[in-house]
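Please read these notes with the structure open beside you. Take the points in order.

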Amino acid sequence: MTSPTLSPQSLTTDHQPPSIWVKQLSLRYGRKVSFANVDAQFRAGQITALIGPSGCGKTSFLSCLNRLHELTPTAQLAGQVYLNDCDTETIPLTPLRRQVGMLFQKPNPFPLSIYRNLAFPLKEHGICDRTHIHHIIETTLTDVGLWAEVKDRLKAPALSLSGGQQQRLCLARALALKPQVLLMDEPCSALDPLSSEVIEDLILRLKGIYTILIVTHNLGQASRIADDVAFFWVQHDVGQLIEFGPAKEIFANPQDPLTAAYTSGRRG
Amino acid sequence: MVRRHPAGKEQGATLMVWLVALGITAVFLWLLSDVIWQGGQAVNGAFLTQAPAKAGLEGGIAPILVSTGLVLGVCIGVSLPLGLGTAVFLTEFSPQRSHRVIRLSLDILAGVPSIVFGLFGNAFFSRVLGLGFSILSGGLTLACMVLPILIRSIQVGLVNVPREYRQAAAALGLSRLGTLKTLILPAALPGIAVGILLGIGRAIAETAALIFTSGYVDRMPTSLLDSGRVLSIHIFDLAMNIPGGEQNAYGTALVLVILLIVINTLVSWFAERFRQSKLQIL
Amino acid sequence: MSRFKNEATWRVLLRILALCSGAILLLILGFLVWETLPILRTVSLDRFWRDPGWHPSEQAYNLTPMVIGTLGVTVGAVLVATPLGLLSAVFCQYYAPAGVAQLYRRLIELLAGIPSVVYGLWGLVVLVPLIAKVQPPGSSLLAGILILALMILPTIALVIDASLASLPPSYWRGSAALGLGTWATVQGVCLPAIRSGLLTAVMLATARALGETMAVLMVCGNVVQVPDSIFAPVRTLTANIALEMAYALDLHRSALFASGLVLMLVVTGLVVVTDPWTDAPEG
């Protein structure tokens, strides 16, 4: 696979990436509490890895940042999320989700052609000029290293791509909307090691341009790419943020014994 | 069967089950072969293209086929937009229980006897709206009748669209309407087709709801406000009211049954395609 | 942005369509009640079973013979069709080889879709003369029961077939480990396990039989009388409506609507009891 090269177009975004503040954030599904009382400030332009065992609310936490939890009717959120100084509750859904892009665990391209997968969201967001759309598609596909592989078959169904290619297509789809924040929910866990490495390289190249939050179970990956690490754990059936700080310190010198126990497994 | 011999009891039961199944098969094959045999003698090219003569004893069923087509056209033309809109609203825009009332009312509607639809159609479309005995009022009555089937099938089609599409679309900040038009409706298309075909199947088999809405007139209709006799009413009238009309009644029944078999085959074909397309995505 | 206005407009439009669909039932009920009112205003309720007979032209509205006809045909058909449908489903699930079961199921599905007027035609031309050989006139309660049983049998067989198919295979393993035979397992384990499915099947079949018009209209003889034997002709409520609506006026018409209203309420009751919305697709 060719190593992706970033083109200058996508390096210039209109704004500096925002920092994200969460204050006393709790989420419940009906009676079941997913996570409670999370306070954290995620630094602008940095990569934060969310680690912890399965079922500790990492994914749910992520989905609150672009209010995707609202798709689940039983979900009830308490607390606030701020993008810079702006409460996300006050931002209408469409601009919020355009500003905060998301990549899922399982690659989820639409059952449309490769081209339409990128063009359809752009059109929906009011970009109708064909040459402009084509330009954005070429740029973002180049950014994710997919352009050379698919430029001759843009009309082919996106589902005919390999898993790794599909995930890069989904990343391109998110980047095409020029977000400032990227949420990634175990983006590599469904991929083979080689594709996983390509995605990891891509994420590193996005650092500084976007504020990135990534959920991962791969502690090696977290230590390779993350600036900060947030460690979640289940206490009394409720997900909690146990420790949060610079990646080096969390891995080298954890303050909480739970963190120490969990991260010590990373070399094993 | 002797109670104290379990083996004998098992054998007896096996015999009984097979006999029942064979008996049922035999009766139904009798019915079908009767329709095919007797009907086959009546049906030919002229039967399909000529107008009935002598109250249907002679001639064919051409105007009746046209009336049937028009009634079905009115029925689907009215019920499809209504059903599609309702199904989309119920599945995509109101996932909460607030619209249980509509669901419940549709479930009850699905069980209402067809003769009651006939009464209603006569009172509302024919009298209050002044449409009289016409293709229009028959089609509208049938539209009310097939609506629950249509809505249910479309809803099943919509619900089965993978959740990932909605999630991905929401994460990209796409409008629900855009998502619906570009992603969900195309993915649910086979389900919608199944719904339309099931609706047509139910409508084409219907008699009681049409007797006093679309009426008996067997002339070629010139407008939707004309009374028009559909296939099933033609069968009924020939069998009950015209001495010696059995032959042509059978012929008409054969045409009707063949149409239904074609519709059923299409339904299972679309359903199978739907299943496959879902597997391919998962 | 215009796009949001657009979406809001669509939302309102869809809501209106949904409300229209939901309102149809109310509209039907409303019209039935409206058309029934004239006779309820002028005639006391008990005359529907106290009047000397059904002679609408002479202001006599005794519906008892029709009610008995409807009940007789329905109960008879359900009694005949339930055991047959049950055995037919058991055959499909446990006795027939896979290929045969598939074919048999196709046949039953096909028959579930045959129009009632075709059943009626066959009953009139084939069954009624056969019965007439035993006991004239042929058009009778018995003919109605048999044809109706044939019509509701596919419904019963398919519903029971589906509930049997949903039983966990562990039942069979457990029973086989005890050395029980097929019939013993069906009788002792499977049938008790699908009681609710059985009930649903019988309820649905009853609702269908009660509301059926054309087939019974064609084979029952339509004489307004309380049948003294199974070979006597009868007239059902539905047949009564179908026969007389075309020329009924005023109170006569109103009486027919009254019988339609009663039918609708009974069938609605059956549908509600069967609780069909538990398996409705949830959004």
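The points below cover the contacts between chains, then single chains and residues.

1. **Ground rules.** This is a predicted model: local features need pLDDT of at least 70, side-chain atom pairs count only at pLDDT 80 or more, and totals for chains, interfaces and linings use all residues. Residues are numbered from 1 along each chain as its sequence is written, chains are lettered from A and ligands numbered from 1 in the order in which they are written, and side-chain values use heavy atoms, with hydrogens and water left out.

2. **Chain B against chain C.** Start with the contact between these two chains. Chain B gives 80 residues to it, and chain C gives 80 residues. (Contact means heavy atoms within 4.5 Å.) About 7,200 Å² is buried between chain B and chain C, and carbon and sulfur atoms give 79% of that area. (Buried area is the accessible area, with a 1.4 Å probe, that two parts lose on being put together, summed over both.) Three residues, B:F28, B:L31 and B:L119, supply 9% of what chain B buries against chain C, more than any other three residues.

3. How many salt bridges are counted between chain B and chain C? The count is zero. (A salt bridge is a side-chain nitrogen of Lys or Arg within 4 Å of a carboxyl oxygen of Asp or Glu.) Seven residue pairs are in polar contact across this interface, both residues at pLDDT 80 or more. (A polar contact is a pair of N or O atoms within 3.5 Å; within protein, one must be able to donate a hydrogen and the other to accept it, and residues adjacent in sequence count only if both atoms are side-chain atoms.)

4. **Which helices of B touch C.** Several helices of chain B each supply at least two residues to this side, among them α3 (62–93), α6 (135–159) and α10 (246–281). The largest share, 19 residues, comes from α1(B). (Helices, H or I with at least four residues, and strands, E with at least two, are DSSP runs numbered from the N terminus.) By class, the side of chain B that touches chain C has 56 nonpolar, 14 polar and ten charged residues. (Ala, Val, Leu, Ile, Met, Phe, Trp, Tyr, Cys and Pro count as nonpolar, Asp, Glu, Lys and Arg as charged, and the others, Gly among them, as polar.)

5. **Chain B against chain A.** Here 17 residues of chain B are in contact with 23 residues of chain A. The buried area is about 1,800 Å², with 71% from carbon and sulfur atoms. One salt bridge is found across this interface. A:K106 pairs with B:E164 in a salt bridge, and their closest N and O atoms are 3.8 Å apart. Three residue pairs are in polar contact between chain B and chain A, both residues at pLDDT 80 or more. On the chain B side, α7 (163–171) and α8 each give two or more residues. The largest share, eight residues, is from α7(B). That side has nine nonpolar, six polar and two charged residues.

6. **Chain C as a whole.** Chain C has twelve helices and two strands. Its C-alpha trace spans about 80 × 70 × 30 Å along the principal axes. Of its 283 residues, 54% count as buried. (Buried means under 20% relative accessible area, exposed over 50%, partly exposed in between, with a 1.4 Å probe and protein chains only.) Among contacts in chain C with a separation of 6 or more, 70% join residues 24 or more positions apart.

7. **C:E244.** Is C:E244 buried or exposed? C:E244 counts as buried, because its relative accessibility is 6%. C:E244 sits in helix α11 (residues 237–244) of chain C. Leaving aside neighbours within four places in sequence, C:E244 is in contact with C:W54, C:P56, C:R235, C:H252 and C:L256.

8. **Backbone points to check.** The peptide bond from C:P136 to C:P137 is cis, with omega near 10 degrees. C:P137 lies in the loop between α5 (116–134) and α6 (141–165) of chain C. A:D237 is not a glycine, yet its phi is positive, about 65 degrees. A:D237 lies in the loop between β9 (228–235) and β10 (238–246) of chain A. A:D237 counts as exposed, because its relative accessible area is 62%. C:D250 also has a positive phi, near 45 degrees, in a residue other than glycine. C:D250 lies in helix α12 (residues 250–274) of chain C.
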